[in-house]
Amino acid sequence: MNKVVNVDVKLGANKFHVDEGHAHIILKDNPDLNEYRKLVNACPAGLYKLEDDGTIRFDSAGCLECGTCKFLCGETILEKWEYPRGTFGVEYRYG
Amino acid sequence: MSEESFDAIIVGAGLAGSVAAYVLAKEGADVLVIERGNYAGSKNMTGGRLYSHSLERIIPGFAKEAPIERKVTKEKVTFLTDDTGVTLDYHNGREQTAIEESYTLLRGDFDQWLMGKAEEVGAQFISGIRVDEILVQDGKVIGVKADGDELTAKSVILAEGVNPVLGEQLGMVKRVKSDAMAVGAKELIELPEQVIRDRFNLNEDEGCAWLFAGSPANGLMGGGFIYTNKSSVSLGIVCGLHDIGSSNKTVPQMLEDFKNHAMIKPLIEGGKLIEYSGHVVPEAGIHMVPKLVDDGVLITGDAAGFCLNIGYTVRGMDLAIASGEAAAKAVLAARDKNDFSAQGLSSYQTLLEDSFIMKDLNLYKELPKFMENPRIFNQYPKMVADIMQSMFTVDGSPSQPIRKTLMKHCKEVGYMNLIKDGFKGVTSI
């Protein structure tokens, strides 16, 4: 078995313009955990975290803007999903 | 409201958007492209490989001036289990015509070049602006709202990508079910040019496209990929969202395990991660194509679900380019008649239906369903590996006739399943 991946380190290779104070994805309060688990598994940026004690932790900074969470849970546990405002968010230098 | 009214406003400076702008501007149309990123390509990524045919027909000889990485001459497909790999390796040393060639590329450079071509022939381009809303009047699209400004146009081309927020807003794109989608994650790993050539057995400027079925997606629909660039390797996985909730691995973990597979690790040893990207892949083929044209508006590229996953290759960019061209031609035809209604723009639909886009999407319409079969991604890679192991292992015990070995491993999957899947597979491609 390989070591547990640290996605934050990978995101560190990227260029981001974080729009402080304007989260472009907002979770509903007390989201259904079965739905949330889908996002834990699917988000390529690993932004949806589930702590050992069962608490959830989510931060939209580091988002790759792929839309996976919107497709999976846009109608269940996401309060808001929109693209970051112009100029903000991830900026692929290579793509 | 702005005095000026464009012939077309294009949302998104990806391949579909830039090509539409190029074709329109070349014919003298007033066209504006609005991109939310800081430059064309800044929000875009690909696996990836571009099949050149559709762009070659629009800009002949483009590969000589465009920032492409390598010409693909080596195709590999591997059935991968956790500890084995069985590979089909095809080296194509034959002469190819320009429309038959394909290239690995990176979108940051490539999209800027393509948008630049559109600007050269007169298209206007603004970046760093997000279109927030499509303006509709009396049921007809009349422009866009961006950053509080309203800009009017005779037509709007939505080239906004796989997550069509604006297309949904207009009700043209139905919210796509997640089981029609897959997620891709990619690492761009920097390696010296000579190391890439040595490790992948490549001649100068030649590249390798390598797909992996089986363990990369943890038994879910999907697989892994490697594309060689000039001095980097694009390595990633694609995983269907259908059953992601029950996976015992996260997508980033799948990618990490794929990277650390004994067959992959030596290929990227010593490489440096220079970018990590993610993208959704529309995989339902023809079944997810939305309403493509309405009064004053057309939908192109990924936003229209124009993607073909044929198992041994995935195509999206060549479809995006051809659909951008078709949308532009439809706008030009509408401009001649001064009729930008759905009727006036309807040649878009006809052009698509007469092109490879709709023909291929129709041809492969049974394939997405076939690919949901878990045997394809679980049992068959294992079966092939088991057969190989039996064939190539010599331990001094009396040998079995090959047919018996084969039959033993086929039996594990089930003869009926093999026949059924074989038949379905063959008839869906």
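Helices (H or I, at least four residues) and strands (E, at least two) are taken here as DSSP runs, numbered from the N terminus. With that naming, B:G48 turns up in the loop between β3 (31–35) and β4 (49–51) of chain B. The peptide bond that joins B:G47 and B:G48 is cis, with omega at about -15 degrees. The model is predicted, so local features need pLDDT of at least 70 and side-chain atom pairs count only at pLDDT 80 or more, while totals for chains, interfaces and linings use all residues. Residues are numbered from 1 along each chain as its sequence is written, chains are lettered from A and ligands numbered from 1 in the order in which they are written, and side-chain values use heavy atoms, with hydrogens and water left out.

A:E65 sits in the loop between β4 (56–58) and α3 (68–73) of chain A.

Turning to where the chains meet, 52 residues of chain B are in contact (heavy atoms within 4.5 Å) with 44 residues of chain A. Putting the two together buries about 4,100 Å², 52% of it from carbon and sulfur atoms; buried area is the accessible area (1.4 Å probe) that two parts lose on being put together, summed over both. On the chain B side, B:R130, B:E275 and B:Y276 lose the most area to chain A, together 17% of what that side buries.

The two chains share 31 residue pairs in polar contact, both residues at pLDDT 80 or more. A polar contact is a pair of N or O atoms within 3.5 Å; within protein, one must be able to donate a hydrogen and the other to accept it, and residues adjacent in sequence count only if both atoms are side-chain atoms. The elements giving two or more residues to the chain B side are α4 (107–120), α5 (165–169), β13 (181–190), α7 (251–259) and β17 (272–282). The largest share, eight residues, comes from β17(B). By class, that side divides into 20 nonpolar, 18 polar and 14 charged residues, where Ala, Val, Leu, Ile, Met, Phe, Trp, Tyr, Cys and Pro count as nonpolar, Asp, Glu, Lys and Arg as charged, and the others, Gly among them, as polar.

One salt bridge pairs the side chains of A:E82 and B:R130 (3.7 Å, N to O). Within chain A, the side chains of A:K49 and A:D8 also meet in a salt bridge (3.7 Å, N to O). That pair links distant parts of the chain, 41 residues apart, with A:K49 in strand β3 (residues 48–50) and A:D8 in helix α1 (residues 7–11).

Definitions and conventions: A salt bridge is a side-chain nitrogen of Lys or Arg within 4 Å of a carboxyl oxygen of Asp or Glu.
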